[in-house]
Amino acid sequence: MQPVLKSSKLANVCYDIRGPGMVRARQMEEDGHRIIKLNIGNPAPFGFEAPEEILQDVIHNLPNASGYSDSKGLFAARKAIMHYTQEKKIRDVQMEDIYIGNGVSELIVMAMQALLNTEDEVLLPTPDYPLWTAAVTLAGGVPRHYICDEQAGWLPDLDDIRGKIGPNTRAIVLINPNNPTGALYPVELLQEIVEIARQHQLIIYSDEIYDKVLYDGATHTSIASLADDVLFITFNGLSKNYRAAGYRAGWLIVSGEKRHAQDYVEGLTMLASMRLCSNVPAQYGIQTALGGYQSINDLVAPGGRLAKQRDLAWQMLTDIPGVSCVKPQGAMYLFPRLDPKMYPIADDQEFILELLLEEKVLLVQGSGFNWPNTDHFRVVFLPNVDDLTEAIGRIARFLDHYRKRHGS
């Protein structure tokens, strides 16, 4: 028998958040070990549940959810999203500009498939959420990573962006607030990126799935609110702000310079129709979520559960010798740096597997987020204070042993 091989299109595609470490952790769990998983931003297993009123709306409308909806989504859900764009000061968004999908992930893949021809380039942040790089690659495009500068609080390096624009560049991607760094981008920086896109006629894709998960009184600005002469595609959904990741309810908004993008929009509409529609029961939760009480505000306020866990995790990690970390302003992650002199890591995936085997804690290495060096890893701070204290204590113990083994 000839071996059945995967497509060559997958040669440069990776998603290490659910990669080899996750596979090994599952094997260890089957052998009876308890693994503390700090690898996935999935709120539910850590006791963060979707608000009851959203759940009740979905249950109440189940009898109406047996059939397909319009391929772009239910009228009431899209109307609520349209009102939300008005709150975010994104101008001139109509019902037909809104597409509901099975989470933002599906819509990112659709957006890239509708846009890219072979060798078209997309500017992506490094570190990034790796689905973006994978989606560009699968669509036949070329991901070009611009540096986010850790010394500047992980903000995008504008000169690096300018230096990587070429004749095949089609778009710039922003993740704001950022995953994995937790950086929140100020208005002045967003305006500069709009100007770059304007000068080079680039599309701006903005992943804003964490736009309500903000700390220390920070506020979020949608980049699409800053201009109407650039084409913007903005993504958001229920997964993080409303702790409803399993519902798979996300949306894509087309705004700005739409007149010259009609052919692209037709492509998006075609792809939306081909997958028939997104999960209909979950769509019934969108109107209530966006219009109801925003319980995320309690979680991120000083003394709120997420804020306390962020502060604890950041303090414990930065107390470890040779570990530094920019304190996140948003999202659910820390992206600490290991001093290479104290932690000479040749292969960061192997380093993470060693930690898993020795201390039963699962993280994701920095290279899993397309970071070019072996000196970072991502920590999810969703576990409760006790579990977080235990997990970071184990990380500290592993790093202490690692330093001693390597003579630091």
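Is D216 buried or exposed? I looked this up before anything else. At 58% relative accessibility D216 counts as exposed, because the cut-off for that class is over 50%. I note here that the model is predicted.

**Entry: two residues with positive phi**

I placed D216 in the loop between β7 and β8 (231-237). D216 is not a glycine, yet I read a positive phi of about 60° for it.

I then turned to R243, another non-glycine residue with a positive phi, here of about 50°. R243 is found in the loop between β8 and β9. I checked its accessibility as well: R243 has 8% relative accessibility and so counts as buried, the limit for that class being under 20%.

**Entry: strand β6 and its partners**

I went through strand β6, residues 169-175, and found six of its seven residues buried, so I wrote the strand down as mostly covered. I looked for its partners next. Strand β3 (residues 121-126) pairs with β6 in the parallel sense, over three bridges. For V122 I noted A171 as the bridge partner in β6. Strand β7 (residues 203-207) also runs parallel to β6, and five bridges join the two. On that side I noted I175, whose bridge partner in β7 is D207.

**Entry: cis peptide bonds**

The bond from T126 to P127 is cis, and its omega is near 0°. I located P127 in the loop between β3 and α5. The bond from N176 to P177 is cis too, with omega near -5°. P177 belongs to the loop between β6 and α7 (187-200).

**Entry: L252**

Which residues does L252 touch, leaving aside its neighbours within four places in sequence? I first located L252 in strand β9, residues 250-256. Its relative accessibility is 0%, so L252 counts as buried. With those sequence neighbours set aside, I listed its contacts as D97, I98, Y99, L107, A111, I233, T234, F235 and L268. I also looked up the spacing between L252 and G101: their C-alpha atoms are separated by 7.7 Å, although the two residues are 151 apart along the chain.

**Entry: helices α4 and α5**

Two packed helices are described by the angle between their axes and the distance between the axes. I took down both values for helix α4 (residues 103-115) and helix α5 (residues 130-138): the axes come within 8 Å and cross at roughly 35°. The crossing of α4 past α5 is right-handed. On the α4 side I listed S105, I108, V109, M112 and Q113 as making the contact, and on the α5 side L131, W132, A135, V136 and L138. Sorted by class, this contact has eight nonpolar residues, two polar ones and no charged ones.

**Entry: helices α12 and α14**

From α12 the contact is made by Q309, L312, A313, M316 and L317, and from α14 by V385, L388, T389, I392 and G393. By class I have seven nonpolar and three polar residues in the contact of α12 with α14, and no charged residues.

Strands of a sheet pair through backbone hydrogen bonds, either parallel or antiparallel. The sheet I looked at here is open, has three strands in the order β11-β15-β14, and is paired antiparallel. Which strands stand at its edges? I found β11 (333-334) and β14 (364-365) there; each has a single partner strand, so one side of each is left without a neighbour in the sheet. I then followed the pairing of β11 with strand β15 (residues 377-380), which is antiparallel and runs over two bridges. For L334, the bridge partner I noted in β15 is V379.

Conventions: Residues are numbered from 1 along each chain as its sequence is written. This is a predicted model: local features need pLDDT of at least 70, side-chain atom pairs count only at pLDDT 80 or more; totals for chains, interfaces and linings use all residues. Side-chain values use heavy atoms; hydrogens and water are left out. Contact means heavy atoms within 4.5 Å. Helices (H or I, at least four residues) and strands (E, at least two) are DSSP runs, numbered from the N terminus. Ala, Val, Leu, Ile, Met, Phe, Trp, Tyr, Cys and Pro count as nonpolar, Asp, Glu, Lys and Arg as charged, and the others, Gly among them, as polar. Two strands pair if DSSP finds at least two bridges between them. Buried means under 20% relative accessible area, exposed over 50%, partly exposed in between (1.4 Å probe, protein chains only). Axes are lines fitted to C-alpha atoms, for helices over the stretch in contact, and angles run from 0 to 180 degrees between N-to-C directions. A crossing is left-handed if the near helix is turned anticlockwise from the far one by less than a right angle, and right-handed if clockwise.
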